[in-house]
Amino acid sequence: MRHSLAKALFSCALPFAVACTTAPAGPVKSPEGGAPTDTAKAGDGARVAAKSPIAGKDESFGQVRVFDPGIVMAIPTRYAWSLGPGESWTIGIYSFVRSEGSKNVLKGSADEPDFSIPGAFTRPALPARSLAKGAPVLVPDESATQCGRVTSTSPDVVKVAILGLHNEPEEYRFDPDQVLPLDGKLDFGAPVAFKWTPDEKLYAPGVLVRIDEQHAWLQRAKRVAASDVKAIDVGRTYKVGDKVLAVPDDGSGRFTPVTITAVIGDGLAYAFQNKDGAETVVIYCRVTSAL
């Protein structure tokens, strides 16, 4: 898994700045970094094409426009979780600027204008409180997010373990409002399994952005039938020998029956063997007991 977590969060002159009040571009690694500071530049890893789906595009298989269902989502916080600007359809965390009817205006990169997103695709970044050790959360990774598990909390800092480049846990520190708790329900930011079409038998991994009675909109600009989306039981942990469904590193991109051979970071990730005998390590957001 590509790991691009930045080691600093803020800069008044850099991405996400609003009057020197900035949104996180990535976490500060502990213990070197200490508490988040206003010193470093955000990454540009999520730069997207100039044409924005806000302007509209024809709906087709795998591509959907950002439409406005007219839902007002109040943002009483300094940051908001939201789809980012452009065509990426990737959830990140941004500085909140203002509301304009059913749209929320957020701060983009320093060299780009503020961007507007329908409120249905945003959520306030509320401080996460009373998180137990091992709690599943989403945290910022530049202009995207990563699944992690809480390692400890204090009134001002939440420490979270993330899977690193070498499949080892790495601990980072966040302000409480830079952490989005996951509860295993079909809600904004939830890791899910979905079927591209109703007649497809296997499920693919995704991240939920919005769901109503008919459709579900997923990160990376996917729209599928709401009935073809299942929540991942992120609160559950497994042990060696458990038979689960996971996404192997074989290019299939689908959940497959496997047997867990190792547990990493108290349920942060799991190892198993592919059909060819090679070991695969996957984050818990791509492991589930049943679908």
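Colleague: What share of the contacts in the protein with a separation of 6 or more comes from residues 24 or more positions apart?

Modeller: A contact means heavy atoms within 4.5 Å. Residues 24 or more positions apart account for 57% of the contacts with a separation of 6 or more. This is a predicted model: local features need pLDDT of at least 70, side-chain atom pairs count only at pLDDT 80 or more, and totals for chains, interfaces and linings use all residues. Residues are numbered from 1 along each chain as its sequence is written, and side-chain values use heavy atoms, with hydrogens and water left out.

Colleague: How many helices and strands are there in the protein?

Modeller: Both are DSSP runs numbered from the N terminus: helices are H or I with at least four residues, strands are E with at least two. The protein has 23 strands and zero helices.

Colleague: Which strands pair with strand 21, and in what sense?

Modeller: Two strands pair if DSSP finds at least two bridges between them. Strand 21 (residues 269-273) pairs with strand 20 (residues 256-264) over four bridges, antiparallel. Ala 269 is the bridge partner of Ile 264. Strand 21 also runs antiparallel to strand 22 (residues 279-283), joined by five bridges; there, Tyr 270 has Val 282 as its bridge partner.

Colleague: Which residues take a positive phi in the two hairpins?

Modeller: Between strands 20 and 21 lie four residues, and Gly 265 has a positive phi near 60°. Between strands 21 and 22 lie five residues, and Gly 277 has a positive phi near 90°.

Colleague: How many residues of strand 21 are buried?

Modeller: Buried means under 20% relative accessible area (1.4 Å probe, protein chains only), exposed over 50%, partly exposed in between. Four of the five residues in strand 21 are buried. In the protein, 53% of the 291 residues are buried.
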